[in-house]
Every structure is written in C-alpha cells, then in structure tokens.
Amino acid sequence: MLIVELIAQGLVQGSIYALIALGLTLVYGLLRILHVAHAALFTLGGYMGVLLTNQTGSLGLAMVAAMLVAGIAGVLMYRFCYEPILHQPPFVPLIASIGLFIASEEIYRLVFGAYGLSYADPPLQGQVAIGALRFKQAELLVMVGGALAIGVLALLQSRTRLGIACQATVTDPQMAESFGIDLKTVRYVNFFVGSALAGAAGVMVALLNNLVEPTMGSVPSYKALAIIVLGGLGSVPGTLLAALTLGIVESFGTIYLGKLLDRNAIAFAFLILVLMVRPQGLFAKR
Amino acid sequence: MLQLEGLGCGYGMFQAVEDLSLELQPGRITGLIGANGAGKSSTLMCIAGHVAMTAGQLRFEGQDIGQLGPRERVKRGIAISPEGRRLFKDLSVEDNLKVGGLIHPTSCYAQDRDKVLGLFPRLGERLHSLAGNLSGGEQQMLAIGRALMARPKLLMIDEISLGLMPKVIDLCYRALEQLRRDGLAVLVVEQNTDRLLRVADDLCVLESGRTVWKGKAADARADATLTARYLGLH
Amino acid sequence: MEPLLSARNVTVRFGGVTAIDDVSFEVMPGELLGLIGPNGAGKTTMMRAIVGIHRPQKGSVSLGERRLDSLSIDARIRAGLALSQQLVKPFREIDVRDNVALAAGAAKTRTPLQALVHVDRRAERQVALEALERVGIARLAAQSPRTQPLGVLKRLEMARALALKPRLLLLDEPLAGLNSKEASELAQTIADVNRQGMTIILIEHNLGEVMRICQRLVVLDNGRKIADGPPQATMNDAAVRAAYLGGDADAAA
Amino acid sequence: MEYEISLATAVGISVLFALSLNLITGFCGQISLGHAAFFGIGAYTCALLAKAGVPFFATLPAAMALPALFGLVVGLASLRVRADFLAITTMGIGFLFVGVVRQQDALGGEMGISAIPDSGLSKLAFMLLTVALCVLTALLSQYIRRSWMGQVFNAIAEDEDTTRVMGIDVPRFKLAAFAIGTALAGLAGALYASNLKFISPDSFGFVESMTVLSMVVIGGIGSVPGVTVAAIVLALLPSMFTFVGEYKLLVYGGLLFLMMRFSPDGVTGALRRLMARRRA
Amino acid sequence: DVKIGLNVPLTGFAAADGKSALEGAKLAVAQANAAGGIKGEKIELVVYDDQASPKEAAPIATKLVEKDKVVVAVSGSYSASTRAAAPVFQAAKVPYVVAYSIHPDVTATGDYMFRASTMGEVQGRAGAKLVGEVLKKKKVALVTLKNDFGQALAAGFKEGAPKFGIQITGEYEYGMSDRQFGPLISRLKADNPEAIYASGYFFTAGPLVSQLRAAGVTAPVIGQEGYDSEKFIEIAGAAAEGVYVTTSLDRDSASPVTKAYLADFKKTVGSGSDMVAASTYSATAIAIEAMKKAGTANREAIRDAIAGGTFETPVGKLTFNDLHEVNKDVQVQIVKDKAFRRFAVVSDPVFLAAPTKASLKK
Ligand SMILES: Nc1ncnc2c1ncn2[C@@H]1O[C@H](COP(=O)(O)OP(=O)(O)OP(=O)(O)O)[C@@H](O)[C@H]1O
Ligand SMILES: Nc1ncnc2c1ncn2[C@@H]1O[C@H](COP(=O)(O)OP(=O)(O)OP(=O)(O)O)[C@@H](O)[C@H]1O
Ligand SMILES: [Mg+2]
Ligand SMILES: [Mg+2]
C-alpha cells in the first residue's frame with residue numbers, strides 16, 4: 001500500500017518535472033543552451049496563475065493567460081538575450097542565463113513582494129478517491145495535463161515535417177536555411193511552446209502548494225537539467241520517462257535514503273549512477 | 001537563368017572573389033575550377049546566400065536576388081551541395097532527404113526520393129542510418145541527393161567527385177547530363193579537370209579570386225597556356 | 001620476413017550493419033599498400049579499427065610482435081601508427097606549424113609530468129617545418145588553419161602524421177580535393193616517403209595514382225576482402241572490375 | 001586599514017579559487033559546474049584537522065591532497081560521459097557534496113563547523129600569505145600555459161578526438177588538469193575555513209560554483225590576468241554594492257547577464273577591442 | 001551619531017523574514033530617535049543584507065566592525081549567518097544582540113553575545129510539555145526541517161518527550177527547499193500518530209499543513225515560531241485552523257508594552273507584526289536601552305548594562321543569565337478564525353531553564 005502511494009506521489013512530482021523539463025529539452029535540443037532561466041518562466045507562470053485567478057475567479061482563464069505570458073516572455077528572452085550570443089561557446093549563454101535567472105528572482109521579489117502569493121480561494125482542492133488512493137483534484141490535473149502535453153509534443157516532433165525541420169536546424173542552421181527552413185520561426189515556436197508549458201507547470205505547482213515565491217524556480221531548474229540529460233538530450237518521450245522515473249526515485253529516496261542524502265542529492269546521485277552505467281543517458285536514441 | 005555581374009564577395013575585410021561575371025543557362029553545365037583557395041566554394045556559397053556579396057549584381061530569371069536570404073533563393077530554385085557536405089548528421093538519410101524537399105508539398109516526396117535512390121542505390125540500403133555515420137562517399141551521394149530533392153532550376157555542386165569511387169563518379173556525371181536534358185542549369189566545382197571537361201559546356205577558371213579564363217569548355221583544351229598553368233593537366 | 005602489420009579476422013559491426021566482415025591482411029615492412037574498394041566498403045572503418053577508434057567485435061591487429069587489441073588509441077599511435085584522416089580536423093586556434101609541432105613533440109607529451117617540465121619547442125618546430133616542406137605547404141606555416149582551403153588542410157593532416165615519425169603510416173584519401181597536378185605531386189611525395197623506408201597503407205579512389213605508386217592492392221567490397229595482390233593483376237580481376245569500376249574502367253586504369 | 005586587510009584576504013582567496021578552475025575549464029576546456037565541492041573538501045579537511053589540534057600549516061598539504069584525490073575520482077567518472085553531459089555531471093557532483101555533508105553529523109551536518117582554531121598568524125600575515133599563494137598560482141598557471149602541457153591542454157580543449165589520434169594520452173592529461181585544479185581549490189578552501197573560522201555546507205553550493213565559473217568566463221576563458229581581474233572585481237562587487245541594499249542580487253545578476261551579452265569573451269575581450277579601436 | 005549594525009537577509013530564500021526583521025529594528029530606532037536619541041545623539045541603523053548565508057555574514061560583520069565602527073550590533077537573521085558573524089563581533093568586543101536565531105553556538109562564542117529569545121532546545125522542550133501535558137497526546141510524529149532551527153527543536157522535543165510519556169512514532173526530515181511532501185505524508189499516515197510536531201518556516205509549513213489535511217490526516221499539528229506569520233494562515237487556508245504554535249509573541253497579551261508595540265507596528269508598517277519583527281524590535285530596543293544607561297564610549301560598560309539589566313519588551317520581561325540567555329515563558333498560540341490567538345502559556349522555570357555556563361560544561 002505504502003509502495004503504491006509512493007509511486008503515485010512520485011508520478012505527481014514527476015509530471016511537474018516533465019512539464020518543466022520539456023521546455024528545456026526543446027531549447028537544448030535546438031540550440032544546445034543550458035537554459036537555466038527557463039525556471040524563471042515557470043515562476044512567472046505561477047504568479048500569473050495566482051494573480052489572475054484571484055482577479056477573475058476563473059482558473060481556466062488564468063491558466064491560458066499564464067501560458068501566453070510565459071510563452072511570450074520566453075520568446076522575448078530568446079530574441080533579446082540568447083540570439084545575439086548563439087555562436088559563443090556554451091558557457092557564455094549559460095552564465096548569461098544564470099545572471100538572468102538571479103535577476104528575475106529578484107524582480108519577482110520586488111514586484112510581487114518577498115512573502116509570496118497564495119490563491120485567495122484555492123481551486124481544485126477537492127478529494128478524489130481512486131481505489132484506496134486519495135488525490136487532490138489538482139494532482140490529477142497535473143498528471144493528466146503533463147501526459148497529454150507531452151504526448152502531443154512527442155507526436156509533433158517525430159511525425160511532422162516541422163519536427164524534422166527543428167532537428168535539422170540543430171546540426172547546421174545555415175544549411176537548414178538553405179533548404180527553406182525559417183530559423184526564426186522554428187526557434188520562436190520552440191521557445192513559445194516550451195515556455196508556455198513551464199508557465200502551466202507554474203500554475204499547477206501553485207495549486208499544489210498554494211504558494212508562489214520568488215525562489216520557487218531554483219530547485220526545479222537544476223533538476224530539470226538533470227532530467228534532460230537522463231532523457232538523452234532532445235528526446236521528448238525520453239524526457240517524459242526520465243522525469244517520471246526521477247519523480248519515483250525521489251519519492252522512495254526521501255523515505256529510505258533521507259538519512260544519507262538530501263532530496264537534491266538523491267536526484268543527482270541517481271543521475272551520476274545512470275551515467276556511469278549508460279553514458280549516453282537512460283533513454284537516448286543511440 | 002542566373003547572371004553574375006562583377007560579383008565580389010568575402011569574409012569581413014578579406015575579399016575572396018572579385019569582379020566575377022558569369023552567365024548560367026538552362027540546359028548547360030558550367031564548370032568552375034581553380035587551385036586551392038581560388039574562391040570557388042566562396043562563389044557557390046555567395047550565390048546560395050551565405051557569403052556576403054560586396055560588389056556586383058546577381059540576377060536570377062531576370063530578377064535581382066542579391067538582397068534575398070538563402071530561404072528565398074532555394075524557393076526560387078537554387079540548390080546547393082556544399083563543400084564539406086554539411087549533412088544533418090543527427091538525422092537519418094531519409095530525414096535528410098525530407099529536409100531537402102521541405103519546400104515542396106509532401107505529396108512530391110515519395111516520387112522525388114525514388115528518383116534520388118534510383119541514382120544512388122547505395123543510399124537506399126542506408127535509408128535509416130544516421131547521416132553522420134555514412135562513409136565518405138555515401139555522404140557525398142546524400143549531399144547531392146538532398147540538393148536534388150529541392151527540385152532546383154539551378155543546381156550547384158561543390159567538389160562533385162570528392163571521395164567517390166570511379167563507378168559513382170560516372171553515375172554522377174551521367175546524372176548531370178540527364179539534368180541538362182531536363183533543362184536545369186548546373187554549376188559544378190571539380191578538381192578532376194579532365195573528367196569535368198568531358199561533360200561541361202562552359203568553363204570558368206579562377207585564380208586568387210580573379211577570373212583568368214572564361215569560355216566554352218571545348219576551347220579550353222585547345223588553349224595551351226591554360227592547360228599547362230591552371231588545369232593541371234599533363 | 002615478418003609482416004609489420006597483420007590484421008586477422010577483423011569484424012566490425014555497427015548495430016545491424018556489418019561494416020567489416022572477417023577481413024585479414026598483412027603489410028610487409030617498407031611496403032606501400034593500396035586499400036581500395038567501393039564507397040561504403042569499409043576501408044575507413046578498417047583503418048579506424050587498426051588505430052583503435054572502432055573496437056572490432058572479432059579478430060585482432062598486431063604491429064610487429066605487439067598485439068594492439070587492448071591498447072587505447074593514443075597508445076597505438078605511440079606504438080608506431082600514424083593516421084591522416086579522411087575528414088580533416090586541424091586545431092584552429094594555433095597556426096599551421098604548431099599543429100604539426102604538436103605531433104612532433106610526441107616524446108615530450110608522453111606523460112603529463114614530462115609535458116609539464118618541458119617548455120622549449122624549437123626542435124619540434126624545426127621538424128614541423130620539414131614535414132610541411134615535404135607536403136609542399138611550408139610557405140603557409142604561419143597561417144591559421146581556420147581559413148585554409150581544403151587542399152591545404154589535407155596536406156596539413158598528412159604533415160602531422162609524418163611528424164609523428166611512425167613505423168606505419170595510414171593515409172585515408174590524402175589526394176581527394178587536389179587537382180590532378182597537385183595530386184600527382186603529393187602521390188610522388190608519398191612514394192618518396194615510402195622509398196625512404198616508411199611503411200604506408202593508402203586508401204584512395206584516385207586509381208591512376210594508386211596504380212602508379214602502390215606495390216600491392218587489397219580490395220574490399222561490402223565489408224569483405226575480395227582481392228589481394230599486385231596492382232595490375234588485381235585490377236584485372238573480374239570481381240574487382242564489377243564492384244569498383246564503371247564504364248570508365250579502362251581510362252582510369 | 002584593518003578592513004582593507006580583511007577584504008584583501010577574502011579577495012585573494014577568490015582569486016586563488018578562480019585560478020584553480022581556470023586550469024580545468026580555461027586551459028583544458030573541461031567545464032565544471034561543481035567546483036565549489038573541492039573548495040569545500042579543502043575547507044572541511046582544514047577545519048577538522050585544525051579542530052583535532054593539527055597546526056594550520058600542517059593542514060594545508062592534506063587540504064590539497066584530499067580534494068585532488070576526489071578530483072581524480074570525479075575526473076575518472078567524467079571521462080566516461082559525453083562532452084555535453086560533463087557540465088551537468090559536475091553540477092551533480094556539487095549537489096552531491098552538499099547533500100552528503102549536510103547529513104553527516106561527523107562533519108557538523110547542517111550546522112557546519114564553528115570555532116575553527118586560528119591559524120596563529122596575524123591578520124596582516126595571513127593576508128600576505130594569501131596574496132603570495134595567489135601570485136605563485138598565477139605564475140604556475142602562466143608556466144603551464146607555456147609548457148608542453150599547456151599545448152596539450154589547448155588541443156584537448158579544442159578537439160579531443162584529434163588529440164588522441166596524435167598519440168596523446170588524453171585521459172591522463174585531463175586527470176592531471178583535474179588533480180592540479182582541485183588541489184588548488186582545496187588550498188583556497190583551507191584558507192577560507194581558517195580565515196572565517198566557520199563553515200557550513202551552504203557555503204559550497206551551486207551558487208558558489210557558478211560564481212567562480214563566472215569569474216573564469218568573465219575574465220576571458222584561459223587568460224590568467226583576465227581571470228585574476230575578474231575574480232577581484234566579482235569578489236569586491238557585493239561589498240561595493242551594499243549601497244544598493246536589497247537590489248544587490250538584481251544588480252549582480254543583471255551584470256552577469258549584460259557582461260555575457262555584450263562582451264562574451266570577457267574583460268580580456270573587451271579590453272582587446274578597446275585597444276584595437278584606439279589604435280585604429 | 002551612534003551607529004547600530006544590523007545584519008538581515010533582504011534577498012535570497014529568507015528575504016521575507018529579513019523584511020519583517022528590518023521593519024522591527026527600524027521601528028525601535030525611530031521610536032528612540034523620536035524620544036531624543038541617546039543623550040541627544042541620533043541613532044543610525046547600518047543595515048547589510050546577509051542573504052542568511054554565512055559566506056556573506058562574516059565579511060559583513062567585519063565591515064560593520066572595521067569600517068562602520070558600530071557601537072553595538074543586532075542580528076535579525078537566521079542561525080547560520082549569525083553564527084558566522086558572532087566570532088567577528090566577539091573578537092572586536094562589540095556587543096551583539098541576537099533576535100531570533102536559536103543555535104547554542106551563538107552565545108557560546110563569548111561574553112559579548114546576547115540572545116533575546118529562547119534557544120531552540122528550550123522551545124522544543126516546551127513543545128513536548130504542550131503535547132504531553134496540555135494536549136495529552138502520547139503518540140507523536142516528528143517532522144523536522146533539516147537545518148539548525150529544525151534540528152535544535154527536534155533535539156529539545158526528544159529530550160523532553162520521555163518526561164511526559166510521549167512515544168515518538170517516527171521522525172521525518174525535509175529540506176528547506178521542499179514544498180511537496182507527498183511521500184513523507186504517505187509514510188507518516190501509516191504510523192497513525194495522535195499529534196504531529198512539525199518544525200518549519202511559514203513557507204514550508206503552509207504547504208505541509210495543507211497537504212497533511214488534504215491527505216486526510218486530522219491529528220493536531222504543533223508548530224513553532226517559524227510558523228508565526230500571517231502568511232502561514234494565508235497559505236494553509238482552512239487547513240491552518242487549529243494549528244498550535246509555540247512562539248515568543250503573544251498577540252493577546254495584556255502587557256502594555258506588547259500592546260503598544262503591536263499598535264505602533266500596525267500604524268507605521270501597515271500589516272500586523274510577526275514574531276520575527278517583534279524579536280528584532282526587542283533586541284534593538286535592548287541595545288539602545290543599554291547604551292542609554294552606559295553611554296556610547298565604552299563597549300564593556302554597554303555589555304555589562306545588557307548583562308545586568310531587566311528589559312520590558314514586546315516579547316516579555318527579559319533578563320540575561322550568566323551565559324547571556326534569557327529565561328522566559330513560551331507562548332502557545334492557536335489559529336482561530338484566520339488569526340493567531342492565545343491558547344496557553346507554558347512556564348516551568350526548571351524544565352524550561354535556559355542553559356547556563358555550568359550546564360554547558362556538562
Ligand atoms: N570563413 C572564412 N573566413 C575567412 N576566409 C575564408 C573563409 N572561408 C574561406 N576563406 C578564404 O577565402 C579564400 C577562398 O576560399 P574558397 O574556399 O572559396 O576556395 P576554393 O577555391 O573553394 O578552394 P578549395 O579548392 O581548396 O576548396 C581562401 O583564401 C580562404 O582562405
Ligand atoms: N559509426 C557508424 N555507425 C553505423 N554505421 C557506420 C558507422 N561508420 C561506418 N558505418 C557504415 O559502415 C560502412 C563502411 O563505412 P566506411 O566509412 O568504412 O566506408 P569506406 O570504405 O571508407 O567508404 P568511402 O570510400 O565512401 O569512404 C558504411 O556503409 C557506413 O554507412
Ligand atoms: Mg572549396
Ligand atoms: Mg572512407
């Protein structure tokens with residue numbers, strides 16, 4: 001029984017990781033940037049979700065708006081922050097991204113206050129019983145939403161010409177252009193979709209915790225990096241599986257290894273262990 | 001079809017090609033030769049829109065295309081098989097071909113692909129391998145095949161026979177002759193001048209970015225100084 | 001006489017593809033061996049298996065008395081192999097001469113400690129200049145490889161291999177990208193190097209030059225060895241002609 | 001004057017730490033996002049030994065040897081992973097270090113170690129020692145650069161595969177870079193512990209790793225003077241910016257970003273461009 | 001001017017508490033200045049942001065001592081940073097009054113250190129007394145925040161538990177950055193405890209309590225001063241009702257000092273005061289009062305004035321023992337109708353005695 005519950009809890013956590021990591025995978029897959037500031041968009045989504053729900057009373061509306069805002073912010077971030085330094089060695093965008101992330105955490109603190117925000121009347125807090133398991137409605141939303149978003153994306157990526165076009169821009173953007181691929185559009189679309197998903201994850205986490213804080217992005221941002229590596233870099237289904245696996249590993253780890261390692265360390269210990277056995281990641285294509 | 005007038009191009013301060021005038025016509029194969037560093041690849045990349053044009057004019061089917069980006073150029077019918085092949089290494093052979101045909105409707109794909117595979121059966125056996133894992137020659141075939149997928153009106157091939165075995169070189173040249181019959185304009189860079197002169201209609205010789213000889217390929221062989229100095233023939 | 005290099009029953013598979021299938025051959029000291037075959041026959045793979053970039057699933061490779069199979073790439077190079085690759089990869093941050101000098105400094109870069117205590121590199125630069133001279137690009141010694149055209153880079157690659165002073169030199173399509181005049185010059189250089197005592201394996205599609213300078217040919221097709229013998233006789237072999245030569249066979253030969 | 005001495009000591013420790021990473025990332029091209037872990041191992045070694053009664057100078061060799069040992073292990077592990085995984089793997093090492101130390105009561109756990117015995121040196125002498133070690137490290141770095149080892153590091157940074165084909169034992173050289181770099185990081189950590197007299201796991205986390213990497217990148221990958229200057233500036237930045245009060249991190253983050261955005265090759269690059277313009 | 005140094009976390013994860021602390025200190029200084037300062041001299045508060053990080057705190061302390069030359073210093077920060085700053089102040093013989101950091105090392109550093117609140121262990125023992133004696137629950141699950149705050153509380157609770165016949169069914173730890181407690185709660189539920197003693201700050205406790213209730217756990221939750229913020233009630237919402245909190249601020253206090261403080265705070269800052277603000281206010285006020293008594297020239301005299309004085313503060317009447325710890329009652333508040341209300345006062349001069357130099361030696 002405990003085991004089943006732990007697995008269920010792991011899946012909830014894993015779904016959130018998946019939503020966040022997905023955007024990172026898209027960006028990494030496309031531009032090879034370690035986009036730490038992605039987590040800032042996750043936080044932004046959370047704030048938008050809470051503010052708009054409190055204003056309008058409609059979670060659905062807030063969710064759509066949060067995704068839009070995060071998506072647009074992501075595109076702007078790409079356009080003004082990354083595009084000019086794309087041809088630089090990888091740690092240049094990494095440091096820029098970290099600078100951006102630190103600064104944005106502070107901006108949230110200054111704009112929305114240090115104490116964080118909560119839903120005035122948190123929606124989706126009702127209980128649903130599935131067998132002997134009890135879930136919050138919000139938890140179910142997280143799992144279903146995560147699976148759906150990723151399923152659709154995976155299909156898009158592997159089955160459509162746009163997906164192939166995206167991958168072509170990775171190896172040789174110049175040649176991709178020479179075969180009629182519009183680099184700008186491809187990159188904007190990717191940033192928009194990835195960031196919007198992070199925004200959605202932010203709203204959902206806010207639902208689970210009823211709290212958004214300026215620093216809520218820091219833990220997921222680094223863990224999401226671990227996840228995209230586990231998932232084999234750039235593969236959408238790999239990312240989903242890796243995120244869920246990590247969620248479950250953490251769920252058991254906090255209970256059974258908690259005395260040895262803290263939660264972050266468990267995730268990274270798992271990552272390093274996996275890489276030693278499978279240097280190409282858990283679910284890499286090759 | 002394509003007119004270059006006083007074309008100049010280069011990298012930053014460095015001028016790779018100067019004052020190049022050339023006319024490429026449908027149904028004709030033009031050869032571009034010259035020693036290492038003469039500026040052949042730069043010319044091709046400039047026509048494709050990747051190297052900055054610093055002087056002159058570029059007209060395709062009567063329209064000035066000098067200001068267009070590479071995307072517009074391929075849509076108008078200019079395709080390139082570049083130096084170094086520059087395949088999409090992490091995509092399969094099939095996906096590379098798909099990208100080649102991206103500007104055309106999906107319905108054209110199967111037909112175009114079969115044409116390419118007919119030309120290079122070896123690629124058919126490797127359809128699902130990653131392009132980066134192909135052998136040198138296979139990569140060259142794929143690069144040419146990918147350019148063909150764009151259904152170009154003007155096809156540019158850099159170092160066409162590089163890394164190919166004699167049998168495949170023959171195949172390639174025979175394919176060029178077929179393309180010529182289909183009315184394409186073809187611009188070929190080739191080190192094996194001897195082989196090139198047997199199919200080319202026109203020839204242009206570059207040295208250090210300047211045109212040193214231009215004319216009918218048939219006349220080139222007759223020109224003794226040319227053969228001795230630039231064509232590297234014995 | 002003992003062979004310098006012997007490859008025995010080498011098999012290399014990539015997933016489902018068998019790139020080399022049970023191939024054995026030997027190279028005698030002082031020999032210039034041509035390794036030819038259609039595109040995708042497995043020549044490059046064979047070369048890389050000898051150097052250790054690919055690990056054969058089966059078979060073994062020895063250099064003289066020494067079994068190479070358990071050695072890492074760099075250990076094999078230090079044991080006396082040198083490779084000039086099909087795809088050229090110079091170090092772009094240093095000039096042409098220092099690219100070669102780095103290879104010439106093999107004795108000083110054997111271990112980190114040795115590398116740490118040595119600073120002087122005049123001797124290596126001298127060796128580098130000589131190697132560049134040999135392949136005909138000494139005048140470009142101070143240039144950055146970044147902007148050099150392919151033809152120059154091909155020769156740079158070969159100069160680096162020469163500077164290692166190997167017992168066995170492996171050349172993968174060194175003539176590709178050169179015009180006929182340059183190709184024959186470089187082929188002559190290869191022949192000269194060989195005459196001075198260097199053992200060489202040459203992969204090349206330029207059959208004219210191969211026939212001119214090689215003493216023996218090994219032909220691969222589809223991962224298998226289909227012929228092994230003196231150039232003229234091998235080229236007359238029906239199977240080889242069918243696999244390798246197009247309508248142009250006679251012109252090339 | 002007193003305050004300036006304390007500041008100079010802190011800055012010196014940062015410079016030493018940054019130079020140690022510069023050896024690994026700047027020279028050998030191996031990106032490390034977990035370098036603070038080695039700084040931490042050095043600090044903990046020094047602190048625990050000092051508490052056990054070992055005199056300060058005797059703790060230093062151990063505080064270098066132990067991180068170097070761990071550095072070798074991490075180096076060995078990192079040899080196995082693909083190049084673009086290395087960043088995340090080393091980042092994981094950083095988290096692992098903090099995560100493990102936190103849970104070990106023997107290492108002071110979450111609470112850290114306080115009341116670390118004094119080095120026995122006066123403030124001024126300690127500062128001079130720190131500065132002297134910085135200068136030595138800078139000289140060593142410059143020497144390595146010029147030696148054959150520096151050549152090989154450059155080659156590895158640019159293209160590992162080709163370096164191997166030239167007969168160079170790439171793994172050993174990488175390990176050497178890790179060992180030297182982590183040993184020096186450990187030395188910096190020991191100075192840190194004995195200067196502050198209090199350490200806790202939080203001081204060796206991801207943020208510290210990133211700060212030191214920023215120093216290297218902003219200084220201009222591989223440039224010893226550049227990295228030194230960047231380390232000095234970035235170490236002073238927080239105290240220079242106390243007047244911005246609660247905007248401190250905003251300014252810091254913003255500067256990191258702007259620096260990378262407008263001068264990606266760091267201070268060295270910016271200077272070079274400035275010189276070029278003046279000459280032109 | 002007379003300078004008082006203050007280290008607070010204005011940025012980073014603890015920024016929320018830092019902000020409260022700063023407001024408290026500012027209020028104390030403003031009131032003192034309005035009342036004429038110290039013998040006519042104005043008081044200036046020199047504030048630095050320590051991000052609650054020891055790495056930042058030590059240089060800040062050095063700067064306060066060596067550059068700003070403050071007469072006394074106040075910590076409005078967490079234990080980690082306060083512990084790192086303490087040796088610097090001690091070495092420079094600058095009296096350092098610590099508001100709410102609870103680690104024993106602080107006062108153990110030396111004779112210039114003072115703590116204006118109860119140590120973590122003491123509060124933990126008070127928690128045990130509350131659970132065992134007042135609430136009469138015997139099977140308790142321990143949920144501990146893994147930092148010095150949480151661990152000190154847990155240690156105190158475990159120390160006191162046997163005395164009240166409390167059996168600890170299980171101890172669970174979590175990290176400062178955790179907000180998702182699913183696995184922990186699943187496991188805890190299996191123990192079926194009668195009460196849950198859970199340490200944390202409002203930003204961890206809010207999600208923890210709400211997730212506990214959502215998972216169907218109805219056992220009462222006992223928190224500590226870390227919970228003591230209106231924000232806790234906002235985050236946990238309905239789940240906050242009935243949560244007990246051991247703290248130093250009694251919002252229903254009859255003491256005129258406390259009442260006046262609560263009113264003044266509300267007036268100047270706009271929101272209600274929490275424990276952090278009240279403690280930092282108190283610590284600052286103690287420093288000011290000591291300076292009034294001993295003058296500002298002689299730090300030794302100021303130290304003695306603090307050590308020997310009795311101070312009426314919003315968190316109670318404080319005197320310092322030989323270890324410079326205070327003995328005071330522990331307030332128990334309960335959340336009722338979205339507000340903290342007095343529930344009980346735990347007082348036991350022996351059992352809740354602060355450690356002394358003698359007890360520390362043992
Ligand atoms: N990216 C670049 N930046 C600067 N200069 C370049 C660049 N690419 C090429 N060049 C220079 O431009 C000149 C022309 O080069 P190009 O590649 O066009 O020659 P090529 O005729 O194709 O030679 P090859 O036969 O060797 O391929 C050369 O001198 C080369 O050094
Ligand atoms: N890493 C790899 N993964 C999968 N397949 C590979 C890999 N490397 C080579 N191959 C396949 O093995 C076969 C032999 O390749 P190889 O490069 O050895 O051919 P080659 O004889 O050198 O041909 P060419 O003359 O065209 O250079 C090819 O079909 C190629 O696609
Ligand atoms: Mg070229
Ligand atoms: Mg090959």
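Two strands pair if DSSP finds at least two bridges between them. Helices (H or I, at least four residues) and strands (E, at least two) are DSSP runs, numbered from the N terminus. The model is predicted: local features need pLDDT of at least 70, side-chain atom pairs count only at pLDDT 80 or more, and totals for chains, interfaces and linings use all residues. Residues are numbered from 1 along each chain as its sequence is written, chains are lettered from A and ligands numbered from 1 in the order in which they are written, and side-chain values use heavy atoms, with hydrogens and water left out.

Start with chain B. Four of its strands form an open sheet in the order 2-1-4-5, with antiparallel pairing. Strand 2 (14-24) and strand 5 (63-64) of chain B stand at the edges; each has a single partner strand, so one side of each is left without a neighbour in the sheet. Strand 1 (residues 2-11) and strand 4 (residues 53-60) of chain B run antiparallel and are joined by six bridges. In one of them, B:L2 has B:F60 in strand 4 as its bridge partner. Helix 1 of chain B packs on this sheet and touches strand 1, strand 2 and strand 4, where contact means heavy atoms within 4.5 Å. The direction of helix 1 makes about 110 degrees with that of strand 1 of chain B; the axes are lines fitted to C-alpha atoms, for helices over the stretch in contact, and angles run from 0 to 180 degrees between N-to-C directions.

The magnesium ion (ligand 3) is coordinated by B:S41 (OG) and B:E83 (OE), at 1.8 to 2.3 Å. Donors are N, O and S atoms within 2.8 Å of the metal (3.2 Å for Na, K and Ca); water is not among the atoms, so sites may look incomplete. B:S41 is in helix 1 (residues 40-48), while B:E83 is in the loop between strand 6 (78-81) and helix 3 (93-100), 42 residues apart in chain B. B:S41 is buried, at 15% relative accessible area, and B:E83 is partly exposed, at 31%. Buried means under 20% relative accessible area, exposed over 50%, and partly exposed in between (1.4 Å probe, protein chains only).

Now turn to chain D, which has twelve helices and zero strands. Its radius of gyration is 19 Å, close to the 19 Å that the globule rule gives for 280 residues, so chain D is as compact as a globular protein of that length. This radius is taken over C-alpha atoms, and the rule is 2.2 Å times the number of residues to the power 0.38. The C-alpha trace of chain D spans about 55 × 45 × 30 Å along its principal axes. Of the 280 residues of chain D, 62% count as buried.

Helix 8 (residues 170-196) of chain D has 27 residues and reaches 39 Å from its first C-alpha to its last, close to the 39 Å expected at 1.5 Å a residue. That expected span is 1.5 Å times one less than the number of residues. In helix 8 of chain D, 23 of the 27 residues are buried. D:K197 follows the helix and has a positive phi, near 65 degrees. D:D169 lies in the loop between helix 7 (160-165) and helix 8 of chain D, and is buried at 11% relative accessible area. Not counting residues up to four places away in sequence, D:D169 touches C:D74, C:R78 and C:R110.

Finally, consider the chains together. Among the six pairs of chains that touch, chains A and D have the most contacts. No contact joins chain B and chain E, whose closest C-alpha atoms lie 38 Å apart.
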